[in-house]
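Reader: Could you walk me through this structure, starting with how its parts pack together?

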Amino acid sequence: MQPATNHKPTVLMVEDEEDTASLLKFLLERASYAVVHAKDGRQAQEFVDTLPTPDIVLLDVMLPFLSGLQVLAYIRGNAAWEKVPIVMLTADGSEHDIKRALESGANDYMLKPFNPRELTSRLKRFLAPAA
Amino acid sequence: MLALNHSDLTLRLGSMAVLCIYSAVILLLSGILLLRFIRLAKERRRRKVTEIWRPLLAQCVVEVPETLPELTPQEHLVFLYLWNHCYESIRGDARAQLNELARRTKSDEFAKQLLRARRLRWRLLAIVTLGHLQERSIWNELVAMLEADNAFLSLIAAKALLDIDAPATVPLLIPVISRRNDWSPLKVVAMFGTVGADIAADTIAKAACQASPEIGSRLIRHLAATQSQQGLPPLRALLREGTTSDDILAACLFLFGECSDPRDVATVRAHISHPTWYVRLQAASALGKMGVEEDEPRLITLLDDEHWWVRYRAAEALSNLPWMTAERMTQLCGELSTIESQEHMLPFMARSNVRKAGPLPSVHPRAQAS
């Protein structure tokens, strides 16, 4: 986990695929966000219990130990994290997952493979522009 | 060694056997150590390339740097895996940057050499890479690979051809899809992922019309996964001409139900009294999804069908009709003339009642026991 600096909005990124995580981290840091990376559902749950509230959560659906939908339910069940915007990352064609995620409290979703430009512009909708 | 000087033949033979066993064990151990060493060296190389190129690839999605690290042939293999993974993780104009990176690292040339490699996994890697790079110079080789004995190789070649030039590939694929019974219909549907659902549906439907009933019916059933209605016109034409296969007919009725296009209701109705039971079954299921009020009596008639599964699906179809309520089902059940038909309605009535009542309150197992 990386320490988040005060002046940057923090993104909690929950992604198990190392290559995808590296790409997402690069794109987010380039857009001046501080990134906290959880490698699986269990670690994400741990972060929800121990870390200060981030500005946004980028959550993959397919995760080891706990699925993205389970993590989503856990986040929404935590009073401090209740209002945090959550963007789900889901595989193309999984309409059922998208429907379930939006019904369970996700604010938006992005399909994999994703467009890097679209990713940052989607996040900007939920976040104040980074310093 | 003392044993070798002994005059007794048995002892001599025994000693030689022991020596042979020792030599074999030493050879085996050396082999294991060598394999282990090779594996560790490969792992080290993979880690080194990944450490250098993973952040670089992320950077290249935005902009390719002026200078790039050199790649040895062994490192280039690892790089290609990383490059392909990165390519498949993104969409849009960022892919053009990755293509530029591939050209600058001469990955196109390297992949063309790999295309003739002995190892299948290297050939597959080369085909995927060259497909992503839309490398037209290997078109003929890929077309020849469509006929490869290895189903996986031929499917990957088909996907690469679609990546290079989809409109030119579709006419080539129709006869191949209709012929190859080792191509999973699900893989065929997935292969068209980037090309578009409409092209996929149209191609698969045309292939199904040319295929044997066994392959054709499997393809038609999987057409629903494309979520496109473009596959329907060729199948309607096939039914108009009059197909001789009940398997094809049943698969078409299944698809008509899934697509629920009102233009197909008449065809579905025309088959509820078909002599083959599984055709009647699919007609009943389809009517449950696309039928109107006038179809209710048709489904009620099927509740007296001679085949158990047709009666069951007809009851299920009745319960699926949009206007069907728990009260209407109870009334309907009371009006049925035979016990068999009433019995088929009961599970669906129960389901409908549960839905109406809402979820049951959860009871803790300990409270239940007490």
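**Helix packing and chain contacts**

Author: Happy to! In this predicted model, the axes of helix H16 (residues 277–290) and helix H18 (residues 308–320) of chain B come within 7 Å and cross at roughly 5 degrees.

Reader: How are H16(B) and H18(B) oriented to each other?

Author: Their axes cross at roughly 5 degrees. Angles under 35 degrees count as roughly parallel. H16(B) and H18(B) are therefore roughly parallel.

Reader: How many residues of the contact of H16(B) with H18(B) are nonpolar?

Author: On the H16(B) side, the residues include B:Trp277, B:Leu281 and B:Leu287, and they meet a set in H18(B) that includes B:Trp309, B:Val310 and B:Leu318. Among the residues of this contact, three are polar and four are charged, while the nonpolar ones number nine.

Reader: What radius of gyration does chain B have?

Author: Chain B has 21 helices and zero strands, and its C-alpha atoms fill a box of roughly 100 × 65 × 55 Å along the principal axes. A compact globule of 370 residues would have a radius of gyration near 21 Å, but the value for chain B is 32 Å.

Reader: Which helix supplies the largest share of the side of chain A that touches chain B?

Author: Good one! Here 12 residues of chain A are in contact with 15 residues of chain B. Helices H1 (18–30) and H5 (116–126) of chain A each supply at least two residues of that side of chain A. The largest share, six residues, comes from H1(A).

Note on methods
Residues numbered from 1 in each chain as written. Chains lettered and ligands numbered in written order. Predicted model: local features only at pLDDT ≥ 70, side-chain atom pairs only at ≥ 80, totals over all residues. Contact = placed C-beta atoms within 7 Å. Helix = DSSP H or I, 4+ residues; strand = E, 2+ residues; numbered from the N terminus. Rg over C-alpha atoms; globule rule 2.2 N^0.38 Å. Axes fitted to C-alpha atoms, helices over the stretch in contact; angles between N-to-C directions. Parallel < 35°, antiparallel > 145°, perpendicular 65-115°, else oblique. Nonpolar A, V, L, I, M, F, W, Y, C, P; charged D, E, K, R; others polar.
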